[in-house]
Amino acid sequence: MLAVPTEYYLALSAILFTIGVIGVLIKRNPIVIFMCIELMLNAVNLTFIAFGRHFAQINGQMYVIFVMAVAAAEVTVGLGIIVAVFRTKDTIDVDEVNLLKF
Amino acid sequence: MQAAFFGVIAFLSILSAILMVMNRNPVRSALFLVANFALLAVLYLTLAAQFIAAVEIIVYAGAIMVLFLFVLMLLSLGASHALRERGGLQPLVAIILGLIFLASLSAAGAIGTLGPGQATPQWVKNGGTVKAIGTALFDPRLPWLFPFEVTSILLLVAVVGAIVLAKRRV
């Protein structure tokens, strides 16, 4: 039935998620780290939709809607925190902002 | 034909993701991320999720990326103020750890087989339309109505939190 097997979509999703993980590990600008987190969320969304189509269920797309809502809330609060940190410390380099590090 | 189309879109999305991570200028990273979102929306269309594809463009490529670019411009962290990147061993170690992570994901995926897809042509035609999504979302017999209402509280909390963080003196 499927022209493109679901496994291909899952492999693409795994690769995109891995690129996001590597980005979180190597970047020091928290805004770019947030972008990498968005990339990871989108990779997971692709998995949900691929499985939803594979099993002919609407549930995968429902989950994606909630993931998008949570991502929007997360970005709003996260960028607010970044602006607040920049205002108090004049830098947002994640290696400089280490007050919570033991 | 469809496999070739998927291959091109998948290659471009991986390429844009890699360029996003490699780029030193955060504004260019944001633009590559927008390209990645658009390509993923195309993939959602091939997976019979028309409504999700439209929402992906509107919410991610529209709203969230505008927020990112707005903060980047507000803090003037463009090309001239690019943070110096980590040198030495850290990127190498990160890439090795990432490849190990990818290998473990592949190993987890190789345990079982999915079997043939169960989507009928009828489902592909109607599975992801606005009507199907809305009917499922607001059907009291399905478990999605309560999470939908809770989402409104989550967004309200996010709005209040953003205002509290942005104010100088609360």
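How many residues does the contact take from chain B and from chain A? It takes 77 residues from chain B and 74 residues from chain A, where contact means heavy atoms within 4.5 Å. This is a predicted model: local features need pLDDT of at least 70, side-chain atom pairs count only at pLDDT 80 or more, and totals for chains, interfaces and linings use all residues. Residues are numbered from 1 along each chain as its sequence is written, and side-chain values use heavy atoms, without hydrogens and water.

**The interface**
- Chain B and chain A bury about 6900 Å² between them, counted as accessible area (1.4 Å probe) lost on being put together, summed over both.
- Carbon and sulfur atoms carry 76% of that area.
- Eight residue pairs are in polar contact between chain B and chain A, both residues at pLDDT 80 or more.

**The H2 pair**
- Helix H2 of chain A (residues 30-54) packs against helix H2 of chain B (residues 26-46); helices are DSSP runs (H or I, at least four residues).
- Their axes lie 11 Å apart, at an angle of about 5°.
- H2(A) and H2(B) are therefore roughly parallel (angles under 35 degrees).
- Residues making the contact include A:Leu39, A:Leu46 and A:Ile49 of H2(A), and B:Leu33, B:Phe37 and B:Leu40 of H2(B).
- By class, this contact has 12 nonpolar, five polar and two charged residues.

Key. Chains lettered and ligands numbered in written order. Axes fitted to C-alpha atoms, helices over the stretch in contact; angles between N-to-C directions. Helix = DSSP H or I, 4+ residues; strand = E, 2+ residues; numbered from the N terminus. Parallel < 35°, antiparallel > 145°, perpendicular 65-115°, else oblique. Nonpolar A, V, L, I, M, F, W, Y, C, P; charged D, E, K, R; others polar. Buried area = accessible area lost by both parts, 1.4 Å probe. Polar contact = N/O pair within 3.5 Å; in protein donor to acceptor, adjacent residues only side chain to side chain.
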